[in-house]
Amino acid sequence: MASTMVKGVALGSAGTSATPSPTTNEQDYCYVGSPPGFSVANHFADTGTVWVKFWMDLTAFFPSENSVNSALFDGLEEQLIAARNNGLAIILTLWKYPPWMNGLSGTTTGQFQQGDKTAAMRIPDDVSTTSIWASMITCILTAYSTGSSTPRRSGAYIDVLEICNEPNGMYWPQSTPAGLRTAGCKVGQMMQTALIISSWFGNQATAIAGPGAVDYKNEGSPDGMNWNTPGSWADVDHTDAVKFSQDVVASFTSVGFVPGTRAVFTMHNHTDIELQRTYVAKVRELALRGSWAGWPYANVNDPHLWITEGGLTDGARVRLGIGVSAWPVYRALLIQIAWNNLHNNSTSVTGGGAGIDLFTYYLFETDPAFDCGLIDSVSMGRATRPAYAVWKGL
Amino acid sequence: MIDATEFYDPALPWSGRADELRSKRAGAALVSELGRNYDAYHEELAETAASLGRPQPENYTTLQEYLEAWARIQAVVRAENLLRVARIVASGGRPPQPADSPPLVSADERLLHLDEALELQVHGGTETSP
């Protein structure tokens with residue numbers, strides 16, 4: 001079945017995890033700045049972007065087992081209400097785990113534990129319905145689900161709760177010392193638990209999304225984004241996106257748990273954009289088709305997925321060998337190609353096709369430390385980039 | 001040798017000799033006991049799963065009760081998965097990767113015996129009902 005892909009933009013996590021300050025934080029949906037009328041909210045309206053993705057850094061929002069950071073909740077709610085009032089649909093993505101939640105009490109969240117992975121990226125062992133992790137999900141859904149009878153603040157609702165971020169690259173462990181892949185199965189269990197909790201709030205309750213996996217492909221290539229571990233689909237740092245997704249799906253199907261129409265399968269496509277490929281479409285064909293009875297029809301023969309993050313940093317420019325002066329236009333071109341490859345029933349040679357329903361770009365105002373944005377940061381002068389015009393025209 | 005830590009979880013409904021070995025944290029012996037007596041332990045788990053059934057929100061007055069009911073079901077299914085690992089290890093094999101694992105629960109929500117699950121996997125009969 002054909003689909004109509006719509007546009008979303010993910011704002012930076014600083015917009016919700018820094019001390020709330022919409023007057024100075026350009027990743028805050030309520031940021032206005034200058035010139036007049038050039039607000040973050042206006043970027044969405046101006047470009048026809050209908051979804052916004054916010055972040056919840058769990059280490060910041062839940063600093064200890066017995067307390068929450070109310071100021072951050074308040075700041076997030078201001079943005080949720082403003083976005084909803086402007087007609088946007090909202091994804092809230094969870095990331096990072098405080099030590100009290102993932103069993104690493106006594107360590108600091110930034111401390112390296114395994115390779116380049118920090119304590120905050122350790123997946124909790126217990127993600128069952130009575131786990132501490134589940135209590136946190138209950139807290140969030142009680143606050144922000146449309147079905148909640150006790151929301152934190154009227155009007156501050158979310159449409160989708162994405163339960164993790166890039167677990168096949170950011171989280172650890174990916175597998176056991178003996179090489180048995182575990183991360184995908186664990187994320188599948190997390191999605192099940194969140195769906196069970198959400199079901200308590202009724203049929204119109206918040207949809208649950210995941211895994212938000214990186215489009216890693218184990219095929220050894222010179223681009224530097226992929227890796228090649230002969231004979232293995234996972235190493236200490238990565239799990240191939242198709243294999244990881246198959247593990248997520250298997251954790252549902254093996255226990256007879258039907259995801260249902262409120263379960264949204266999500267992927268990121270940074271590398272797809274960079275390499276002009278559509279590995280996310282391979283995920284749909286190889287991991288979801290025939291197995292994933294999730295959003296929108298709970299039909300294994302027509303599974304859909306959403307892209308909840310993608311973008312092109314200066315690192316991509318370097319890997320592609322593009323000069324600095326040519327990069328703004330080249331980046332815009334790659335975004336256009338990525339969109340074309342996935343939109344509706346594209347039959348491009350790189351794959352793609354129907355079933356990708358949301359394309360989320362990472363950042364309007366850019367983050368100089370992860371320079372993907374469609375607009376220069378405030379410190380750079382806040383000029384729109386060629387990619388902004390392309391995004392607006394999609 | 002496998003890491004037996006997960007087998008010690010008190011939420012897992014091990015009975016009899018397996019429960020005794022868990023309390024002693026005798027990992028190798030526990031895995032061996034479960035693996036050599038897979039059929040008997042599986043039968044107990046299947047009966048427990050059938051008696052519990054799938055929790056429905058309307059049957060509970062509080063969210064906490066609802067989540068606890070799901071936790072009991074999840075523990076039974078997880079126990080079956082570990083039981084299979086124990087059987088495979090006891091027979092000298094290596095546990096399959098998650099995506100290649102045979103189903104644990106059938107379309108009509110029965111806890112499946114490993115042999116039946118392997119048969120379903122071979123013949124592609126692992127679809128779940130919506």
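Colleague: Thanks! What makes you say that α8(A) is largely enclosed by the rest of the structure?

Modeller: Keep in mind that this is a predicted model. A residue counts as buried when its relative accessible area is under 20%. In α8(A), 12 of the 13 residues are buried, so the helix is largely enclosed by the rest of the structure. Among the buried residues are Val242(A), Phe244(A) and Asp247(A).

Colleague: Which elements do the buried residues of α8(A) pack against?

Modeller: They pack against α7, β7, β8 and α10 of chain A.

Colleague: How do you know what span to expect for α8 of chain A, and what does the helix reach?

Modeller: The expected span is 1.5 Å times one less than the number of residues. For the 13 residues of α8 (241-253), 18 Å is expected, and the helix reaches 18 Å from its first C-alpha to its last, close to that expectation.

Colleague: What caps the N-terminal end of α8(A)?

Modeller: Asp240(A) does: one of its side-chain oxygens lies 2.9 Å from the backbone nitrogen of Val242(A). The cut-off for a polar contact is 3.5 Å, so a distance of 2.9 Å falls within it.

Colleague: How many salt bridges and polar contacts are there between chain A and chain B?

Modeller: There are 0 salt bridges, while 7 residue pairs are in polar contact. On the side of chain A that touches chain B, α7 and α8 each supply at least two residues, and α7(A) gives the most, with 5 residues. That side divides into 10 nonpolar, 11 polar and 2 charged residues.

How values were computed. Residues are numbered from 1 along each chain as its sequence is written. Chains are lettered from A and ligands numbered from 1 in the order in which they are written. This is a predicted model: local features need pLDDT of at least 70, side-chain atom pairs count only at pLDDT 80 or more; totals for chains, interfaces and linings use all residues. Side-chain values use heavy atoms; hydrogens and water are left out. Helices (H or I, at least four residues) and strands (E, at least two) are DSSP runs, numbered from the N terminus. Buried means under 20% relative accessible area, exposed over 50%, partly exposed in between (1.4 Å probe, protein chains only). Contact means heavy atoms within 4.5 Å. A polar contact is a pair of N or O atoms within 3.5 Å; within protein, one must be able to donate a hydrogen and the other to accept it, and residues adjacent in sequence count only if both atoms are side-chain atoms. A salt bridge is a side-chain nitrogen of Lys or Arg within 4 Å of a carboxyl oxygen of Asp or Glu. Ala, Val, Leu, Ile, Met, Phe, Trp, Tyr, Cys and Pro count as nonpolar, Asp, Glu, Lys and Arg as charged, and the others, Gly among them, as polar.
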